Amino acid sequence: MAMTPDAAVRKRFEDRADVQLRKRHLPLIIGRATDTREARRRDIFAELDLPGLRNAAEAVRAHTVANLHTYLDRFAERAEARGTKVFFAATAEEAVSYVRTLAAKRGARLIAKAKSMASEEIHLSPALEADGIEVVETDLGEYIVQLAKEPPSHIIAPAVHKSRTEIARLLAAHHGRSLPDDPEVLTAFAREVLRRTFLEADIGISGVNFGVAETGSLALVTNEGNGRMVTSLPPVHVAIMGMERIVPSFEELSLLLPMLVASATGRPVSTYFSFINGPRLPDEVDGPEEVHVVVLDNGRSKILGTEYQSILHCIRCGACQNVCPVYRQVGGHGYGAVYGGPIGAVLTPLLVGFEKAGDLPHASSLCGACTEVCPVKIPLHEQLLALRRDVAREQKPVVEGLAFRAWSTAWRRPWGYRLLARLARAGQGMFVRGGRIRKAPPPLSRWTNRRDLPPVARRTFRERWKDR
Ligand code: SF4
């Protein structure tokens, strides 16, 4: 049975990573998919002034987030003037309750969903299903993880952890027929079975890539046509938008959209860009009768004004996940939360609190690869380090604190450093096998449970230096 993200996040990262690391094929599957995207991303930016583009994108996001309430008010005013209903949800519960009430009012039996990480964050689908409504994910990756009863594993590619054989078996088992592991056949099959959902859905639910304050428009980027179907065929469209996903105008959007697409997929353009300007007008032939936008706070406001504010600049491209050596080993499910990888390791503890997710900032090698690829220059590895500090301050691990204080006191003095090095060298003998320490006594065993520890050298640098 799928674990709810909240329950999962309460387990330690170490335990979840253990489970993931036992799936020997996982790094291979994830590595292949993420390497391809990363190589394409590098190629596409090689021709462009990447530093200049990143500076400009960072400036736009920093300005918008610093003036978020002004732009949100403007967005709501302009969107409502065009007939869109805007609801500000302070919490996940408020957002879910709004959609449930709307679904009940419309007598909805079937809901077609396009990809929306914000809706995953608030656990919208399980709540609607509990009301007896059938909710069908129509993004192919999301459809696959829905059938597998799993949360998405990557911001852009929810089923990145599944091989094509696994996908073929999953679709075949669910639909009771045999299917080859040929991506084209599988895609065509999914397309056929999902068609009914688009045509019969009472409500379409989507995410939002950007809300444009100047016009009250919603900008959606998709690779499959499902986003367009979900937002135009059902009589009601509900968009769930994180409150930070605002841009002042189309001018800024014209910078951020290509940056998002290139960083996410390594392509110059996405297959579909959709701009939704409200419900169908009397002289229009298609479009929904009602458009609702749920603007989601759910912990974001409390990040504003802190040293972590720049995490709200994120445009959800997933590039940091592709290059993260930890994510590439354990996949998104290792993080036990909706957002995996470096973005999740920073954002999740800030949204749900250190008690539930204070271990996530440790799920990083701090190599800085994430910071290097981020199109809006979020200093992810620095934020991870700062979070480790803040978590330690809040959780005050007494024994660990004392041990580190003693260690730092000793190492600040040359004689203390030399003494400890000698003691470690004398005491490590029984643990060294083949030039490595594979099993150390507690508390170092937490390290050697998963990797080897290099032994203290027979002669230290200082000793060799002295001889010279
Ligand atoms: S933190 Fe940066 S790289 Fe990661 S998803 Fe957000 S925008 Fe993309």
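These notebook entries record what I looked up in the structure.

**Basis.** I worked from a predicted model, in which local features need pLDDT of at least 70, side-chain atom pairs count only at pLDDT 80 or more, and totals for chains, interfaces and linings use all residues. Residues are numbered from 1 along each chain as its sequence is written.

**Domains.** I noted domain 1 (5-301) and domain 2 (398-467) in the protein chain, with bounds from an automatic or database domain assignment. Their centres, taken over C-alpha atoms, are separated by 48 Å.

A residue is buried if 20 or more other C-beta atoms lie within 10 Å of its own, exposed if 12 or fewer, and partly exposed in between, with C-beta atoms placed from the backbone. This core has 115 residues, of which Leu-256, Val-294 and Leu-296 touch the most other members. Helix 13 (residues 250-265) supplies its largest share, eight residues. Helices (H or I, at least four residues) and strands (E, at least two) are DSSP runs, numbered from the N terminus. For Val-294 I listed contacts (C-beta atoms, placed from the backbone, within 7 Å). Leaving out residues up to four places away in sequence, Val-294 touches Phe-87, Ala-89, Ala-95, Tyr-98, Val-99, Val-238, Ile-240 and Met-241.

**Strands.** I took two strands as paired if DSSP finds at least two bridges between them. Strand 2 (residues 110-113) pairs with strand 3 (residues 134-137) in the parallel sense over four bridges, and Ile-111 stands opposite Val-135 in strand 3. Strand 2 also pairs in the parallel sense with strand 4 (residues 203-206), over three bridges; here Lys-113 stands opposite Ile-205. I found a separate entry for an open sheet of four strands in the order 8-5-6-9, with mixed pairing. Its edge strands are strand 8 (246-247) and strand 9 (272-276). Strand 5 (residues 210-212) and strand 6 (residues 217-222) run antiparallel, joined by three bridges, and Val-212 has Ser-217 as its bridge partner.

**Leu-147.** I located Leu-147 in helix 9 (residues 140-147). Leu-147 counts as partly exposed because it has 17 C-beta neighbours inside 10 Å. Leu-171 is 24 residues away from Leu-147 in sequence, yet 7.7 Å away in space, C-alpha to C-alpha. Leu-147 touches Leu-170 and His-174, not counting residues up to four places away in sequence.

Definitions and conventions: A nonpolar core is a set of buried Ala, Val, Leu, Ile, Met, Phe, Trp, Tyr and Cys residues joined through C-beta atoms within 7 Å. Two residues are in contact if their C-beta atoms, placed from the backbone, lie within 7 Å.
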